[in-house]
Amino acid sequence: MVIDAHMHFDIPLKAGVDEARRVMEQELELMAEAGVDGATGSLIEPLRCNCVAHSEYNDFFAATSRGFAGRFWPWCVVNPLDDDAADEIRRCYEVLGIKALKLHPWLQGFSCSDDYCNPVFEVCAELGMPINLHDGSPPYSATAGCGEVARRYPEAKVVLAHAGLNDQWRQARDLACELPNIYLTMSGPSMLAMQSIVDNVAADRIMYGSDYGAGGVSLIHYRLDKIKQLEMDDDTRRMVLGETALRLLGAK
Amino acid sequence: MIVDCHAHIGEGVYQTCQPAQLLAGMDASGIERAVVCPIDRNLAVDNAEGNDYVLAAAAQHPDRLIPFATANPWYGAAAVAELQRAIEAGARGLKLHSKLQGFTISDDIVNPLIEVAGEHGLPVFVHSGTMVCAEPLQVAMLARRYPSVNFIMGHSGATDFWNDMIPGITGIANIYLDTSLNNPTSIGSYCEAMGPERLCFGSDFPQNTYPVELEKLQDAVPDEKQRRIVLAETILRLLGEEVG
């Protein structure tokens with residue numbers, strides 16, 4: 001089973017739930033044609049720094065995703081600078097049934113090291129909710145800075161969404177080797193980097209992720225091709241292509 | 001014909017690639033020729049060793065490998081002398097990697113090397129996509145300073161600089177884009193905005209494999225005529241060769 005563990009839907013809030021469901025069905029169908037059986041990801045709009053309606057977006061995305069159980073697992077988004085960010089995460093988990101959080105420090109304009117992030121990470125650690133962080137883009141999304149969240153919160157599950165991209169993948173690999181609560185989606189590094197990650201990091205912490213939504217369906221093909229060409233045994237391949245993501249989501 | 005504008009050979013620290021390994025990869029994917037540059041440590045230090053390695057490989061396979069030389073600008077006059085030596089020995093272009101070589105690509109420390117390449121009418125391949133030292137708009141500053149020199153921007157700004165590429169690079173006619181490591185969506189949009197004549201197929205071998213990079217290009221540039229230009233004609237023109 002192939003699960004895309006890092007993707008985005010570019011569906012505006014104003015589309016409404018019915019239209020959003022239609023788009024989601026269409027896009028999941030496109031992914032299925034590319035060989036992807038399921039996906040997990042966020043909306044794009046609430047990741048922009050001018051978003052002030054995260055609760056509304058989370059309600060909208062949860063309602064949209066409800067008809068796609070077993071095929072799509074939504075992430076909620078909050079702004080850590082909001083006083084009620086931690087409460088909103090708890091509400092997403094307990095009331096909406098959302099099991100993961102997406103943060104994009106670069107786009108959202110905050111540093112994971114700042115104190116106001118602490119309640120956000122604490123509640124995720126308490127709930128066992130994976131925190132998916134855009135990484136590989138200094139300064140706010142530097143891989144070492146994102147990885148530091150895992151060091152400070154050993155109970156938190158921290159996903160480095162790009163495994164360090166082109167320039168910081170060795171840091172992503174080394175952090176994942178050192179800290180058992182770091183997970184990597186390989187959306188961006190070169191083949192050589194990905195092979196080094198697969199050779200050194202436990203398979204139950206590596207995932208395929210296309211970052212679809214940041215680009216078209218060709219991204220799915222491109223990044224799936226890269227994974228398929230890596231040298232790894234069948235168990236590792238099964239984990240990387242889907243099983244790790246399902247376990248992380250509590251879906252397996 | 002397919003010509004790879006970006007490959008590395010040599011005995012490096014993080015990468016090693018013998019000419020035979022590169023040629024086997026090229027043969028398996030129908031790549032006729034490749035630009036070869038020194039590998040990681042030879043870009044940073046011991047430039048002459050790296051230049052001799054690519055020159056020797058190209059001398060052995062003159063119909064397949066096109067040597068580009070490097071010189072770390074921190075070596076000053078010695079860097080200029082090394083580049084001149086390598087050009088006299090057959091180097092067809094200059095490769096700069098400001099991240100590995102420890103300078104910012106727009107800083108004037110690099111000027112003497114660009115001037116040598118310019119005097120010989122050779123293209124300059126520059127790494128891009130790394131913050132602070134290799135940003136596309138820094139490459140643009142350099143290219144504006146030397147409008148008669150052609151620059152090939154490695155990775156075309158991947159990953160974080162896609163916003164800068166079309167508004168900042170389209171109007172600078174002496175910047176060409178290497179497709180390696182960039183994603184098919186971005187490459188497709190650059191091709192649409194700037195035309196295939198500004199794009200060169202590259203792999204960054206051994207960082208990436210040919211089958212993946214070639215298949216990506218099929219998605220990125222679906223028009224066969226345009227893809228032919230990207231796959232070979234642009235880099236051949238930059239090298240001053242006949243385009244068949």
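Let's start with B:T70, which sits in strand β4 (residues 65-70) of chain B. A word on that label: helices (H or I, at least four residues) and strands (E, at least two) are DSSP runs, numbered from the N terminus. The cut-offs: buried is 20 or more other C-beta atoms within 10 Å of the residue's own, exposed is 12 or fewer, partly exposed is in between, and C-beta atoms are placed from the backbone.

What does B:T70 touch, leaving out residues up to four places away in sequence? The list is B:C37, B:P38, B:L43, B:N47, B:G50, B:N51, B:K95 and B:L96. Contact means that two C-beta atoms, placed from the backbone, lie within 7 Å. As for B:G168, 98 residues separate B:T70 from that glycine in sequence, and 27 Å in space, C-alpha to C-alpha.

Now, what are we looking at? This is a predicted model: local features need pLDDT of at least 70, side-chain atom pairs count only at pLDDT 80 or more, and totals for chains, interfaces and linings use all residues. Residues are numbered from 1 along each chain as its sequence is written, while chains are lettered from A and ligands numbered from 1 in the order in which they are written.

How confident is the predictor? pLDDT is its confidence in each residue, from 0 to 100. Chain B has a mean of 97, with 100% of its residues at 70 or more. For the complex, ipTM is 0.91 and pTM is 0.94.

Next, the backbone. Most residues other than glycine have a negative phi, and most peptide bonds are trans. Here are some exceptions. B:L181 has a positive phi, near 70 degrees. B:L181 is in the loop between β8 (175-178) and α9 (184-194) of chain B. Why does B:L181 count as buried? Because it has 26 C-beta neighbours inside 10 Å.

B:D204 also has a positive phi, near 60 degrees. Its loop runs between β9 (199-200) and α10 (210-220) of chain B. B:D204 is buried, with 25 other C-beta atoms within 10 Å.

Then the cis peptide bonds. One joins B:A158 and B:T159, with omega about 20 degrees. B:T159 lies in the loop between β7 (151-154) and α8 (162-169) of chain B. In chain A, a cis bond joins A:P138 and A:P139, with omega about 0 degrees. A:P139 is in the loop between β5 (131-133) and α6 (143-152) of chain A.

Staying in chain A, take two helices. The axes of α1 (residues 16-33) and α2 (residues 54-65) come within 9 Å and cross at roughly 55 degrees. Axes are lines fitted to C-alpha atoms, for helices over the stretch in contact, and angles run from 0 to 180 degrees between N-to-C directions. α1(A) and α2(A) are therefore oblique to each other. Under 35 degrees is roughly parallel, over 145 roughly antiparallel, 65 to 115 roughly perpendicular, and the rest oblique. A:V17, A:A20, A:R21 and A:M24 in α1(A) meet A:F60, A:A63 and A:T64 in α2(A).

Last, the contact between the chains. Chain A puts in 19 residues and chain B 23 residues. On the side of chain A that touches chain B, α8 (191-200) and α9 (218-228) each supply at least two residues. α9(A) gives the most, with 6 residues.

How values were computed. pLDDT is the predictor's confidence in each residue, from 0 to 100.
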